[in-house]
Amino acid sequence: MNRQVRRVGLALTVMFLALFAMASSIQVLRSADLYKDSRNVRASYETYKTQRGSILVGGTSVVESVPVNDAYRFNREYESVLYSPVIGYFSLFSGTDGIERVMNSYLSGQSSAQFFEQINALLDGKPVTGAAVELTLDPDIQRAAWDALGDRKGAVVAIEPSTGRILAMVSKPTFDANLLAGHLYGPVTDALKTYSADEDQPLVNRAIAGDLYHPGSTFKLVVAAAALESGSYTATSTFENLDTYRLPGTNTFIKNSSGSTCGTGETVTLEYALIRSCNIPFAMLAVELGQERIRVQAELMGFGQELEIPMDVTPSIYPIELEDSQLALTGFGQFDVRVSPLQMAMVSSAIANQGVLMKPQLIDLVVASNLNVLSQPEPTVLSAPMSRLTAGYLTRMMVDSVEVGAATRAGISSIAVAGKTGTAENGPTDPYTLWFTGFAPAEAPEVAVAVVVEDGGGIGQNGTGNQIAAPIARMVIEAVLAK
Amino acid sequence: MSNVSLTSAIPMLLKAVPRSRNFEAVLLFWVAGIQAFALAQVQLAVVQRMSWDMLLYWAPPALGAAVVHYVLRKHAVSADGLMLPLAYLLNGLGIAMIYRLDLAEIARGGIELYAERQVWLTVFAMFCAAAVVRLVPNHLALRKYPYLAGAAAVFLLILPAAPVIGKTINGATLWVGIGELTFQPGEVAKILLAIFFAGYLISKRDTLSEIGSRVLFMKVPRAKDLGPILLFWVASLGVLVLQRDLGTSILYFGLFLVMIYTATGRAFYVGAGMTMMITGALVASRLFDYVGRRFDTWLDPFANVNYNAAGGSYQLVQALFGMANGDVIGTGLGGGFPQLIPLAESDFIFAALGEELGLAGIFAILAIFLLLVYRGLRIANSHPDDFSRLLAIGLSFVIGLQLFVVAGGVMGLLPMTGLTTPFMAAGGSSLLANWVIIALLLRVSDSSLKRVQS
């Protein structure tokens with residue numbers, strides 16, 4: 001029987017050799033490939049073990065990684081919910097978002113720019129420390145925008161027109177990133193579940209993403225720009241002054257928001273129609289211009305374009321293949337026109353910057369732990385959507401709109417504010433979407449603003465852009481001017 | 001059938017097996033030290049400080065091992081001196097890894113903890129092993145009841161398919177349970193089967209070895225002697241179909257083949273048996289969805305369709321990611337993410353160990369198992385009584401085969417099965433069965449020298 005025992009021993013040896021070989025194959029030959037598989041979350045978890053860089057606003061850090069006594073060594077601490085929509089979160093169990101996501105390679109010390117730092121750290125036996133990211137946000141302006149929006153649902157964006165630097169970006173309701181950054185699985189996933197299930201979508205940064213909004217009358221700026229750029233229109237071009245207008249090819253009639261004609265004359269000028277925000281002349285203008293001209297103008301201002309600030313911005317939409325009746329509705333920002341608040345701030349910014357649109361940017365500076373500057377985005381021109389002359393005309397109309405027209409509540413006594421309101425319809429009985437976009441001071445603009453308030457600011461179809469959104473913009477402008 | 005005469009066996013025996021209980025005692029101290037070190041490393045790595053908590057995971061198994069050692073001193077002084085320390089080492093490392101996974105679970109706010117339970121199950125299993133050594137003064141008594149053992153094994157095997165108490169967990173019907181208490185009768189059945197095969201084959205081996213005719217290079221037994229193998233083949237496939245577990249099926253059939261081969265010396269049984277088993281499994285994979293799915297996920301675990309399927313390859317792929325993360329030297333206990341692998345504390349503890357101890361640790365663990373199995377074969381080789389040899393072969397082979405099927409499944413070498421890593425995985429039935437196997441092997445090894453001397 002000993003021969004059999006030896007052979008059984010041999011068989012077992014062969015089986016174990018197969019196990020040795022398989023383990024060697026997995027842990028040596030294939031280990032690098034397996035580690036890199038996109039479904040392997042271990043690589044991203046390892047980043048928890050390095051001290052992640054801080055995120056700074058106005059020279060002080062608002063997000064820091066603080067050493068703690070657990071396997072992940074550092075806990076991410078967020079100073080204020082003010083910045084949540086922009087900064088996002090860095091979570092062990094629910095992914096990352098916002099700046100935390102798009103700047104992850106710098107923050108975690110893994111970017112190619114930090115290659116030599118990694119080598120040095122390896123040689124010194126010290127762990128790599130992530131780079132710090134300074135944002136363009138201004139804490140005072142951000143705070144003013146946050147406070148001005150109050151408890152309303154919506155968003156505020158403020159841009160420096162000459163550089164594209166984003167000075168404020170607020171979205172409400174928002175979330176507490178600390179609840180998502182913890183190391184306890186239960187509470188973190190519970191918080192994520194609660195936020196995800198909330199129909200107000202607190203995790204969405206409404207300023208650049210989400211479902212987009214009807215721009216309402218703020219879109220008249222784009223249509224007016226298209227008209228002036230076409231060369232066939234001036235500020236004093238006239239339109240027949242009707243109290244109702246039949247949409248071409250239909251039996252549907254539209255009215256101005258006043259319910260009557262636009263002023264008292266037989267005809268109405270482009271200028272007057274913009275200042276008073278009359279719908280009928282812009283519906284007629286849109287049909288006269290044709291959809292191509294309007295679309296080209298909109299795209300020059302950023303519609304339909306992929307944009308990274310560095311987060312992805314959902315492209316705003318000017319619809320295609322329109323019937324004339326639909327084209328007429330787009331003239332005052334209805335039908336399927338959809339915009340992000342950032343897009344409307346860019347429209348004002350282009351007008352404010354004499355027709356040159358600067359690329360919006362949130363990153364001011366990226367500094368490695370050894371104080372090397374890794375990245376410092378320069379102001380860049382995104383496009384030149386209109387002539388200086390067109391920008392000048394539009395500025396004058398917008399200033400008048402605030403001084404005597406439909407946007408009076410954005411007015412500040414000592415300076416000229418340029419602005420345009422919007423009160424967008426969403427359905428026969430749905431609350432309005434309330435808008436303001438503009439800039440100030442009109443003669444030397446320091447800031448361009450867009451404000452959107454959802455759900456009619458809580459008063460259904462009774463609120464207007466002038467009543468609810470314009471004062472919010474005024475407070476943001478005042479905060480900029482106070483600097 | 002021994003090729004070695006009794007007189008020539010004596011010096012070989014004396015040389016081969018260290019019978020010193022003192023040697024065993026020294027090794028036990030050493031193993032207790034290794035386990036304490038592993039527990040300390042877990043605490044330092046996961047919570048950055050050492051605490052007296054580790055005593056709970058260290059002292060009871062150490063005490064259990066001491067009790068087995070004491071019983072061996074009193075009642076089986078000549079028993080093999082390596083098996084107890086080796087089994088205790090595997091068991092202790094398993095507890096350290098389960099404790100480490102518990103700490104990760106606590107950090108996630110979870111409440112499903114296993115280590116403390118595993119400690120008490122270990123102590124229970126060790127006490128049972130001590131009781132077997134103490135209460136079975138002569139294992140040859142087992143030879144008298146092969147059919148009783150066989151009937152008991154069959155009863156235990158079909159128990160999970162019984163109504164009310166039978167339980168299906170993760171698709172396999174291998175458990176019986178009342179409320180929270182569950183038990184895997186198949187684990188104990190493998191011991192009874194080994195006893196049954198040993199007794200049965202010893203009495204029938206002369207008929208089974210008779211040559212029928214010669215076909216090609218193989219001697220083919222007479223048709224009527226193929227009865228038992230056919231019967232057992234059908235029974236194993238029955239296990240596969242009814243209990244939905246390929247591993248259990250392979251384990252029992254493999255045990256049977258090795259024992260019939262050892263008893264008869266006929267390679268034909270192994271060749272025919274393996275062919276039949278593979279054919280059966282392939283046919284089953286065509287006929288039964290759940291077997292087919294296991295094969296699909298095994299053949300292409302990285303395909304998204306298998307990865308995302310419920311009960312697909314997610315677990316296997318996570319295990320491979322974990323082992324890859326371990327690389328050659330491992331992340332160190334507490335340094336990896338074995339908690340990402342579903343069932344890391346039980347079915348996939350091998351992958352968890354691979355991640356944190358690395359290829360070096362895997363080699364060490366495989367070497368410990370191989371050494372344990374070799375000791376068992378050594379015991380078989382050196383015993384003068386054929387029943388004892390057959391029993392020792394069966395019992396040691398079943399440990400080796402079970403590890404092969406489990407580790408092979410975890411690493412993608414074989415389709416995944418529901419078997420557990422002996423001594424290491426969380427679970428009482430497996431611990432109990434494997435410790436009883438150790439006790440029986442110790443009992444056999446003790447008797448061999450005594451019989452030679454008498």
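Predicted model: local features only at pLDDT ≥ 70, side-chain atom pairs only at ≥ 80, totals over all residues.
Local features need pLDDT of at least 70, side-chain atom pairs count only at pLDDT 80 or more, and totals for chains, interfaces and linings use all residues. Residues are numbered from 1 along each chain as its sequence is written, chains are lettered from A and ligands numbered from 1 in the order in which they are written, and side-chain values use heavy atoms, without hydrogens and water.

Helix H13 of chain A spans residues 279-289. Helices are DSSP runs of H or I with at least four residues, strands are runs of E with at least two, and both are numbered from the N terminus. In H13(A), 9 of 11 residues are buried (under 20% relative accessible area, 1.4 Å probe, protein chains only). Among them are A:Phe282, A:Met284 and A:Leu289. A:Gly290 follows H13(A) and has a positive phi, near 90°.

Chain A also holds an open sheet of 6 strands, ordered S3-S2-S1-S6-S16-S17, with mixed pairing. Two strands pair if DSSP finds at least two bridges between them. Strands S3 (74-78) and S17 (373-375) of chain A form the edges, each pairing on one side only. Within the sheet, S6 (residues 132-135) and S16 (residues 363-367) of chain A run antiparallel and are joined by 4 bridges. A:Ala132 stands opposite A:Val367 in S16(A).

Helices of both chains contribute to the lining of the second largest pocket, including H1 (2-29) of chain A and H9 (246-264) of chain B.

Technical notes:
Buried < 20%, exposed > 50% of the residue type's maximum accessible area, 1.4 Å probe, protein only.
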